[in-house]
Each structure stands twice: as C-alpha cells, then as structure tokens.
Amino acid sequence: MQDEPVATEQPQQQQQQQQQKEGEEVANTYVIRPNFESKFRPLLAKPVIHEVLVERLTDKAYDKEATSGLCKELTDEIKARLRANGFERYKFVVQVAIGEQRGQGVKMACRCLWDSDSDNYVQDIFMNDSLFCVAVAFGVFHY
C-alpha cells in the first residue's frame, strides 16, 4: 500500500520539475492585495491612453466604415502599453467609442462590481473637427 502514494507523487514531481525547467513558478503566492508599488494608478495610466489617442487620431477624419476596425486597434494598443507599464497581476478591460463630431452631446455611463482598494479605472477623451473618441481602461487585480 505504501507504493501507491509514491507512484502518484512521482508524476507530480516530474511535472513540477518540468515546469521549473520551463521557467514557470510552482509556488503559490496567495496574494490578495497588490503591494503599493504595483497598484494600478490612474495618474500613471492616463498619459499612456492620451498618447495613443493623440498619435493615432490627430489627422483622422470620421469614417463610419473604418471606425469599428480603428476601435479594435486602439483597444489592443492601449492594453499592450498598459501591460508594458508594469502593472503585474492586473487584467485590463479597455473600451473605446468613436463618434462623429456634430456639436451634439453624448452621455456615457458604466457600473462595475469590484474591490475599490485594488481595482480602478482611467478615461481620456480626444476630439478634433471631425470626430470624438472616449477611451476607458479598467484595471482589475487578478487574485
């Protein structure tokens, strides 16, 4: 009977050794809150979003056919730059809305259920003569 636990442990040990060889961490951290240095801060993330919007939309005119593709490109680029900023263990949900600028008013709202100590959001608005763009990034700590 003592041989059975050894037989079941051996594949687990081999799997852990294989993961260690591949560079993956095996130990659980059990971290339920981010440390202060790696916390998602809107003041650090807003310039990232603003830079992307200014770079990509400064000379653009509104085109209803190209808008959906442009929104997807902007969301992917914003997510990639936020991840590169070192916000570890955060999942980013980015929403971009582009509309034609005709002098009208637009109201947008959202609701989220999250931990207010570790999760946060940031938004930025870009406008030119032809279009307006609202980009929102939600940073949710992944437990």
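Where is the place of Asp119? In this predicted model, Asp119 falls in the loop between S1 and S2.

Let's start with that residue. Asp119 is buried, yet it has no salt bridge. Arg33 is the nearest side chain of opposite charge, and it is 7.7 Å away. A salt bridge needs a side-chain nitrogen within 4 Å of a carboxyl oxygen. What the Asp119 side chain does reach is the side chain of Ser118, in a polar contact, and the backbone nitrogen of Phe141. Here are the distances side by side:

| From the side chain of Asp119 to | Distance |
|---|---|
| side chain of Ser118 | 3.3 Å |
| backbone nitrogen of Phe141 | 2.7 Å |
| side chain of Arg33 | 7.7 Å |

Now for Phe141 itself. Phe141 sits in strand S3. Its relative accessibility is 4%, so Phe141 counts as buried, the cut-off being under 20%. Phe141 also pairs up in space with a residue from elsewhere in the chain: Lys91 is 50 residues away in sequence, but the two C-alpha atoms are 6.3 Å apart.

On to the largest pocket. It holds about 360 Å³ of space. There are 17 lining residues, and the closest to the pocket centre are Met108, Gln123, Ile125, Val134 and Val136. Strands S1 (90-100), S2 (120-127) and S3 (131-141) each put at least two residues into the lining. What is the make-up of the lining, counted as nonpolar, polar and charged? Twelve of the residues are nonpolar, four are polar and one is charged.

Definitions and conventions:
Residues numbered from 1 in each chain as written. Predicted model: local features only at pLDDT ≥ 70, side-chain atom pairs only at ≥ 80, totals over all residues. Heavy atoms only, no water. 1 Å grid on protein atoms, 1.4 Å probe; cavity = no way out; pocket = protein on both sides within 12 Å on 5 of 7 lines; lining within 4 Å. Points joined across faces, edges and corners; volume = space filled by probe spheres on them. Helix = DSSP H or I, 4+ residues; strand = E, 2+ residues; numbered from the N terminus. Nonpolar A, V, L, I, M, F, W, Y, C, P; charged D, E, K, R; others polar. Buried < 20%, exposed > 50% of the residue type's maximum accessible area, 1.4 Å probe, protein only. Lys, Arg positive; Asp, Glu negative; His and termini not counted. Polar contact = N/O pair within 3.5 Å; in protein donor to acceptor, adjacent residues only side chain to side chain.
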